Amino acid sequence: VDTLYLGFNGPAAVSVNSTANDYSVFANDASVGTELWNNPQRARVGNGSYATTFLTKTTAEASQYLKATGFTFDIPQNAEINGIEVQILKSNSCVCIKDNSIKLVKNGILDGEDRANTNVWPNPDAYIAHGGASDLWGLSLTPADINASDFGVVISATNATTGQSVAGIDNIKITVYYTEIEHSLLYAVNK
């Protein structure tokens with residue numbers, strides 16, 4: 001008697017990260033703040049050449065958003081998105097710059113929960129993580145959303161003390177955590 005055994009090869013958890021590339025777009029977005037980022041494209045590569053903005057506490061300044069999109073993800077269409085982590089290489093010229101706002105960009109629109117934290121930016125520079133492996137930023141995200149050229153992140157900075165300071169961003173990385181749903185069958189024959 002031949003017996004056919006069928007088994008299900010279940011979902012596999014995966015993470016993929018992407019740094020900016022030649023197709024990435026870094027630009028100012030005036031949705032918040034007043035101060036422009038100088039040379040926003042410098043946040044594309046972590047090489048010591050920063051996108052910068054000058055912020056003064058006495059005028060309660062916040063920067064405009066530095067908007068980063070076009071990370072060219074290739075998440076499989078049968079995947080379930082579990083979380084998004086954004087790592088930003090931040091620096092400041094004093095110990096006074098803080099996040100004003102950090103949000104995702106979905107379908108070209110600033111969306112989801114704000115992931116700004118209250119910690120002062122590091123000096124010297126260091127990567128600071130926002131979100132995580134199970135954090136969807138309050139959004140429903142699909143592979144098509146993530147793979148789109150208008151998916152990304154925005155960040156705005158503010159001066160938390162007195163005087164003028166320079167906020168700098170040298171690199172932005174995004175990691176997407178997802179589960180790939182596979183419906184493959186495993187076959188075994190017993191004779």
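Trainee: Is Cys96 buried or exposed, and how do I read that from its relative accessibility?

Mentor: Cys96 has a relative accessibility of 1% and counts as buried, a word used here for under 20% relative accessible area, with exposed meaning over 50% and partly exposed in between (1.4 Å probe, protein chains only). Please keep in mind that this is a predicted model, in which local features need pLDDT of at least 70 and side-chain atom pairs count only at pLDDT 80 or more, while totals for chains, interfaces and linings use all residues. Residues are numbered from 1 along each chain as its sequence is written, and side-chain values use heavy atoms, with hydrogens and water left out.

Trainee: Which residue forms a disulfide with Cys96?

Mentor: A disulfide is a pair of cysteine sulfur atoms within 2.5 Å, and the structure holds one. Cys96 is joined to Cys94, with 1.8 Å between the sulfur atoms, and Cys94 is partly exposed at 23% relative accessibility.

Trainee: How many residues does the largest nonpolar core have?

Mentor: Such a core is a set of buried Ala, Val, Leu, Ile, Met, Phe, Trp, Tyr and Cys residues joined through side-chain atoms within 4.5 Å. The largest one here has 34 residues, and among those with the most contacts inside it are Ile84, Val86 and Ile146. Several strands, including E6 (79-92) and E11 (164-180), each supply at least two of its residues, and E11 gives the most, with six. Strands (E, at least two residues) and helices (H or I, at least four) are DSSP runs numbered from the N terminus.

Trainee: Which residues form salt bridges?

Mentor: Side chains of opposite charge can pair when their charged atoms come close. A salt bridge is counted when a side-chain nitrogen of Lys or Arg lies within 4 Å of a carboxyl oxygen of Asp or Glu, and a search of the whole structure finds five. In one of them, Lys67 pairs with Asp29, the closest N and O atoms being 3.8 Å apart; Lys67 lies in strand E5 and Asp29 in strand E3, so this pair ties together parts that are 38 residues apart in sequence. Asp99 and Lys90 form another, at 2.6 Å between the closest N and O atoms, and both residues are buried.

Trainee: Where is Trp137, and what is its phi?

Mentor: Trp137 lies in the loop between E9 and helix H1 (143-147), and its phi is positive, about 60°, although it is not a glycine. Trp137 is buried, at 0% relative accessibility.
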